[in-house]
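Please keep the sequence and the structure in view while reading.

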Amino acid sequence: SGITVSPDGTRVAFVRAAQSTGSGQGGASTAPAATGGRGGRGGGASGGDLMIRTLADGHESLVLRGDNHAIGGLSWSPDGKSIVFSDNNRTIRHEQTPAYSGVKIIYTISENVPGETDVVNADGTGMKTLGSGGGFGGRRWLDASHFLAERTSPDFKKRTTSVVAIAGGEPKVLHEEVADK
């Protein structure tokens, strides 16, 4: 579910879960770290490495180390030269324990916090941040250097659709919808 096929169908991009080494009874063991989030959308603080695999020969190359990144929401540019992704999206769990319940958790609220939208060349060079609040999913590309981004305000009262250039700069707002809630 976290694998994204390149436009020409020859490569796939994915996030390989960070590995942690722990010692058990039988010696050292390696197991994936918890990543949080859903469906490759980012999440945990440990993140994972952004990888590209060539389908013809299975060769893998590291595009970006997951150190200090929680990478998700991968999307290839139409020319296959760049990958746009969400970085540091996370879910904050708020446990609700009203006074009448003692220490018992009555319900939880999950708060989705959007991170930043970043772009990196497929060869791992030229990473740059395009802005915050990039959402949790893939993008709709207009051409090889522009995509649409939909952002919702934290209070859910405003939704904005913008054109974002991977070269950087301020996104151009196309439509803004404000609802009284």
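Two residues are in contact when their heavy atoms lie within 4.5 Å. By this rule, E177 touches K157, K158 and R159, leaving out residues up to four places away in sequence. E177 belongs to strand β16, residues 172-178; strands (E, at least two residues) and helices (H or I, at least four) are DSSP runs, numbered from the N terminus. Between E177 and K157 there are 20 positions in sequence and, from C-alpha to C-alpha, 8.2 Å in space.

The model is predicted: local features need pLDDT of at least 70, side-chain atom pairs count only at pLDDT 80 or more, and totals for chains, interfaces and linings use all residues. Residues are numbered from 1 along each chain as its sequence is written, and side-chain values use heavy atoms, with hydrogens and water left out.

**Overall fold**

The chain has zero helices and 16 strands. Of its 181 residues, 32% are buried; buried means under 20% relative accessible area, exposed means over 50%, and partly exposed lies in between (1.4 Å probe, protein chains only). Among contacts with a separation of 6 or more, 41% join residues 24 or more positions apart.

**Nonpolar cores**

In soluble globular proteins, nonpolar side chains tend to be buried together. A nonpolar core is a set of buried Ala, Val, Leu, Ile, Met, Phe, Trp, Tyr and Cys residues joined through side-chain atoms within 4.5 Å. The largest core in this chain has twelve residues, including L50, V63, W76 and F85. The elements that give it two or more residues are β5 (48-54), β6 (60-64), β7 (71-76) and β8 (82-87). Its largest share, three residues, comes from β7. Which residues does V63 contact, leaving aside its neighbours within four places in sequence? They are L50, M51, I52, V120, N121, A122 and G124. A second, separate core of eight residues includes V84, V119, W141 and A149.

**Salt bridges**

Side chains of opposite charge can pair when their charged atoms come close. A salt bridge is a side-chain nitrogen of Lys or Arg within 4 Å of a carboxyl oxygen of Asp or Glu. The whole structure holds six salt bridges, and the table presents some of them.

| Pair | N to O distance | Relative accessible area |
|---|---|---|
| R16 and E60 | 2.7 Å | R16 33%, E60 24% |
| R93 and E95 | 3.2 Å | R93 55%, E95 45% |
| E150 and R140 | 2.7 Å | E150 36%, R140 46% |

Within these pairs, R93 counts as exposed, whereas E95 is partly exposed. E150 lies in strand β14 (residues 146-152) and R140 in strand β13 (residues 140-143), so this pair ties together parts that are ten residues apart in sequence. Salt bridges that share partners also join R16, R53 and E60 into one network.

**Surface**

Y100, I106, Y107 and I109 make a nonpolar surface patch of about 440 Å². Such a patch consists of residues with over 30% relative accessible area and no salt bridge; nonpolar side chains (Val, Leu, Ile, Met, Phe, Trp, Tyr) are joined within 5 Å, and like charges within 9 Å. Is Y100 buried or exposed? Y100 is exposed, because its relative accessibility is 67%. Y100 is placed in the loop between β9 (90-96) and β10 (107-113).

Terms used
Areas by Shrake-Rupley, 256 points an atom, 1.4 Å probe, with all protein chains shown as cover.
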